[in-house]
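Here is a briefing on one protein model. Please read it beside the sequence and the coordinates.

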Amino acid sequence: MTARDTSSVGAPCWVDTWQPDPQAAKDFYGPLFGWTFDDPIPMPSGLDGFYYAARLRGQLVAGIGQAPPQSPPGWITHVRVVNVGEALARAERAGGKRLAPFGAGPDDRIAVLADATGIPFCLRRAGGNDGAQLANEPNSWAMSSLHTTDLGRAQAFYGAMFDWELEPVPDAPFSRWLRSGRVVAVVAATDGVAVPPHWSVNFAVRDADAIARQALTLGGSILMAPMDSPGFRSAVIRDPQGGTIAVSATAG
């Protein structure tokens, strides 16, 4: 995948999945990617259950937490901000909407919200050890991509929030979002039928076919069989509880 900025304020910095059964999610993603997990910590203020940070070769790569009741499992992308409360207020002025019962107090570290088109993502306060320590390498997070039915409204929202600028990619069905000239994310238009509007999370792997086969043995399913695209071989996997990820291996 394209190397991008994960350390600056205004850039995606972390990904995690909230699942009805976090232990079952650990049992899937741990063997799939070779992750180990830290001891559990409580979920953020306002939410029940526990959260597990995942590591690869000792470095933080992602997280697994307890989903609120009635919430579907899924992966969420976190964008780094200086102050969660201020960023949340700015998001609401730009047409976003708060989704989770936290993110208003001065000490809150994260807030879950929907962008102006209704797609969920997360604000995350900048701080030490508060983001991915390893990315863009096999079995770690490679890129987050917004699939939206309203590209213009999405660009207006994320531009106002984070100063993201859209850069078309010649002969590609997607564009890149840049901040200060550095890639932060990818965006693609969807009709909302074949691909639902969402922030997708893509993990780099060495062998997309092998990962797809292993996902099946661990109880997952394949939404898109491994296929070739310029420079990559990719697949889309659904975990046993319904969370979805993409995986991509560099071609050649």
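S180 counts as exposed, at 69% relative accessibility; exposed means over 50% relative accessible area, buried under 20%, and partly exposed in between, with a 1.4 Å probe and protein chains only. The model is predicted: local features need pLDDT of at least 70, side-chain atom pairs count only at pLDDT 80 or more, and totals for chains, interfaces and linings use all residues. Residues are numbered from 1 along each chain as its sequence is written, and side-chain values use heavy atoms, with hydrogens and water left out.

**Positive phi**

- Most residues other than glycine have a negative phi.
- S180 is not a glycine, yet its phi is positive, about 55°.
- S180 sits in the loop between β12 (175–179) and β13 (182–189). Strands here are DSSP runs of E with at least two residues, and helices are runs of H or I with at least four, numbered from the N terminus.
- D163 also has a positive phi, near 60°, and is a residue other than glycine.
- D163 lies in the loop between α3 and β11 (165–168). D163 is exposed, with a relative accessible area of 52%.

**Helix α3**

- Helix α3 covers residues 151–162, and its 12 residues should span 16 Å at 1.5 Å a residue. The expected span is 1.5 Å times one less than the number of residues.
- The end C-alpha atoms of α3 are 16 Å apart, which agrees.
- The buried residues of α3 are A154, Q155, F157, Y158, G159, M161 and F162.

**Strand β5 and its partners**

- β1 (residues 12–19) runs parallel to β5, joined by 4 bridges. Two strands pair if DSSP finds at least two bridges between them.
- β4 (residues 50–56) runs antiparallel to β5, joined by 6 bridges.
- G63 in β5 stands opposite D16 and opposite A53.
- The hairpin of β4 and β5 has 2 residues between the strands. There, R57 takes a positive phi near 50°.

**Cysteines**

- The structure holds 0 disulfides, a disulfide being a pair of cysteine sulfur atoms within 2.5 Å.
- The sulfur of C13 is 8.5 Å from the closest cysteine sulfur, in C122, too far for a bond.
- C13 is buried, at 1% relative accessible area. C122 is buried too, at 0%.

**Pockets**

- The largest pocket holds about 1,200 Å³ of space. A pocket is an open set of points on a 1 Å grid over the protein atoms alone, with protein on both sides within 12 Å along at least five of seven lines; lining residues have an atom within 4 Å of a point. Grid points are joined across faces, edges and corners, and a volume is the space filled by probe spheres set on the points.
- The largest pocket is lined by 36 residues, and the closest to its centre are S145, H147, F174, N202 and S234.
- Strands that each supply at least two residues of this lining include β10 (140–148), β13 and β14 (198–204).
- This lining has 22 nonpolar, 11 polar and 3 charged residues. Ala, Val, Leu, Ile, Met, Phe, Trp, Tyr, Cys and Pro count as nonpolar, Asp, Glu, Lys and Arg as charged, and the others, Gly among them, as polar.
- The second largest pocket has a volume of about 690 Å³. Of its 25 lining residues, the closest to its centre are P72, G74, W75, I76 and P120.
- β14 gives the largest share of the lining of the second largest pocket, 4 residues.

Key: On a 1 Å grid over the protein atoms alone, a cavity is a set of points where a 1.4 Å probe fits but cannot get out, and a pocket is an open set with protein on both sides within 12 Å along at least five of seven lines; lining residues have an atom within 4 Å of a point.
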